[in-house]
Amino acid sequence: MKPRAAPEAAPLAPAPAVDEAEFDRLREIARRIRVEVIRSVDHAKGGHIGGPLSAAELLAALFFRVLRIRPEEPDWPDRDRFVFSKGHSAIGLYAAMALRGYFPVAELLTFDAADSRLQGHPDMTRLPGLDMSTGSLGMGLSAGVGMALGARLLGRELRTYVMLGDGECQEGQVWEAAFVASRYGLDRLVAVVDHNRLQQYGWQGTGPEHRLPPHRPGELAGKWRAFGWRVLELDGHDVAAILGAFEKAQRSDGRPTVLIADTVKGRGVSFMEDKFFWHTRILKPEEFVQAMSELGEPVEAVGAR
Amino acid sequence: MTLPMGRPMREVFGETVSDLADEDPRIVVLDGDLGSSTKADIFQARHPERFLQMGIAEQNMLGVAAGIATMGLIPFISTFVSFAVVRPLDQIRVLIAQPGLNVKITAGYAGLFTGMAGKSHQVVDDISIMRAMPGMVTVSPADDVEAAAVIRYAAVHEGPIYVRLVRDATQRLFDESYRFEFGRAVVVREGRDVTLISTGAQTPRVVDAAELLAAEGIDAHVVHVPTIKPLDEEAIVTAAARTGFVITVEEHTVLGGLGGAVAETLADRRPTRVKRLGIQDAFGESAPNDALLEMFGLSAARVADQVRGLLGAA
């Protein structure tokens, strides 16, 4: 079986205007992130699927609109910092970075391979452009707090963004970090919770295929509020809502801000949506074809299996 | 004959890191609500804007230090060994050691002396844990003079480093002319009959034990190992060859610490008879410092007794 190479494309540059055309552009980027996630995980014969798919619009908005970054100069000192705390969804991050021009899209097919820069969880010693290594859940926000405190001490205007999973918010360290962030009034720190309401295995609900959400409905926002954060709840697949929330987050009210983005795990592929067991799973050949088809990827790009 | 007392390493820590910060604007101190115990309060008084109170939340504190280090600042962590190493161990592993970030874990209350706090605060296995971690450096100074030098070194060391500091005043081994060399062991007494190897505040007690033994005609060779990782293997091999019998002594478990490192080295490079003295797979307890040293066989007199017994049995 020969690897299916990803179609090479010029990096998509951020566009200035926020209008329907910009929303369409971000939707298309999110679609391509999903396509590359499915292609890469299928090629690697392993990897996380559900979490990267739920985060696609959020990652598209961050990397193509929100973050002040220079893919050609990944160590630019004044760049905004981004910590991907839900590190198991690394392939989603890698897809967004590749599309943004950090490295060739074709390199995504090295995901999980020996000597790859694209490790199963993000490794900042391997891949330029990663601001922190993550993988052990619950740690990223602490690193983000350190970056925001460091930026403040250094008098830098940059912002720090941290993306977490909702299951990850069961870790105590998240709340240690949330407490300290609000204690220091880190108003240039923005957390984004990919609230897809499923964790890897979780608590069983009405039957073997049904799982209860990591936090009871409405509870997660209340927890962040109790820790002194400004909470913005939104539809994490609505690019206009996402941009609006990030825009609001950039207007300081003296507190750190968390976006609780309601999403669907496995979003974009009908048979994966809201199914906890698609957290990680190897696709059968017919599942791969159907997934690509549903994502609107031309049949010829799918290639022969 | 007995070595004099020095100053508490914790005071030396507070003063030295403050002095360093006078010269280097990148230095910051993170405190886990123990500044009045670890003497990070000295730093707060001198550099309030660079003193970051992290509260009683050590897993977060280590992670914040990692984030701060990525910004080009130099964070010093200040809390007890129990909360600087054992509690946030996975944070050290994933956020500091794996990325190789420039975080200084300068932990107080190393060893048995915890103001009688007892076993919850006495970490007997921190050397074993930290030396086993890839990418981590472990340094255990002997006295206040060496502690100051090690803290100064930590600031210029590129990458993560773990420094063990003792709470209370301990004996002074070195004078002000001493120059700490990272990764190098130091012969602190020349002898022919047996090689004693020690680290941290135990070394001065071993030197005193060697003097007790000298009065009985036993001429001990004493090596101090401040840097446990990377270990000065050449010095260990040379010291072993000198007498053919090595006894390690540490205020720490005998499993995997200095004794383990020495035994591994000699097994690989120059098989030599080795005996490991120290805490024999046990936790500590609350007691006055002298009582603890007696209890675990670490006072000068008890070390001399054990060495004498081992030589008699040889």
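Q: What is the strand order of the open sheet of five strands in chain A?
A: This is a predicted model, in which local features need pLDDT of at least 70, side-chain atom pairs count only at pLDDT 80 or more, and totals for chains, interfaces and linings use all residues. Residues are numbered from 1 along each chain as its sequence is written, while chains are lettered from A and ligands numbered from 1 in the order in which they are written. Strands (DSSP runs of E, at least two residues) and helices (H or I, at least four) are numbered from the N terminus, and two strands pair if DSSP finds at least two bridges between them. In chain A the pairing is parallel, and the order of the open sheet is 1-2-3-5-4.

Q: Which strands of chain A stand at the edges of the sheet?
A: An edge strand here has a single partner strand, so one side of it is left without a neighbour in the sheet. In chain A these are strand 1 (81–84) and strand 4 (230–235).

Q: Over how many bridges do strand 4 and strand 5 of chain A pair?
A: Arg230(A) stands opposite Thr257(A), which belongs to strand 5 of chain A. Strand 5 covers residues 257–262, and its pairing with strand 4 of chain A is parallel, over six bridges.

Q: What angle does the direction of helix 8 of chain A make with that of strand 4 of chain A?
A: Helix 8 (residues 239–249) packs on the sheet and touches strand 3 (189–195), strand 4 and strand 5 of chain A; contact requires C-beta atoms, placed from the backbone, to lie within 7 Å. Axes are lines fitted to C-alpha atoms, for helices over the stretch in contact, and angles run from 0 to 180 degrees between N-to-C directions. The angle is about 170°.

Q: Which element gives the most to the side of domain 1 of chain B that touches domain 2 of chain B?
A: Chain B is divided into domain 1 (9–164) and domain 2 (186–313), with bounds from an automatic or database domain assignment. The contact takes 26 residues from domain 1 and 29 residues from domain 2 of chain B. With four residues, the element that gives the most on the domain 1 side is helix 7 of chain B.

Q: Which helix gives the most to the side of chain B that touches chain A?
A: In this contact, 24 residues of chain B meet 24 residues of chain A. Helix 4 (58–70) and helix 6 (89–97) of chain B each supply at least two residues. The one that gives the most, with nine residues, is helix 4 of chain B.

Conventions
Two residues are in contact if their C-beta atoms, placed from the backbone, lie within 7 Å.
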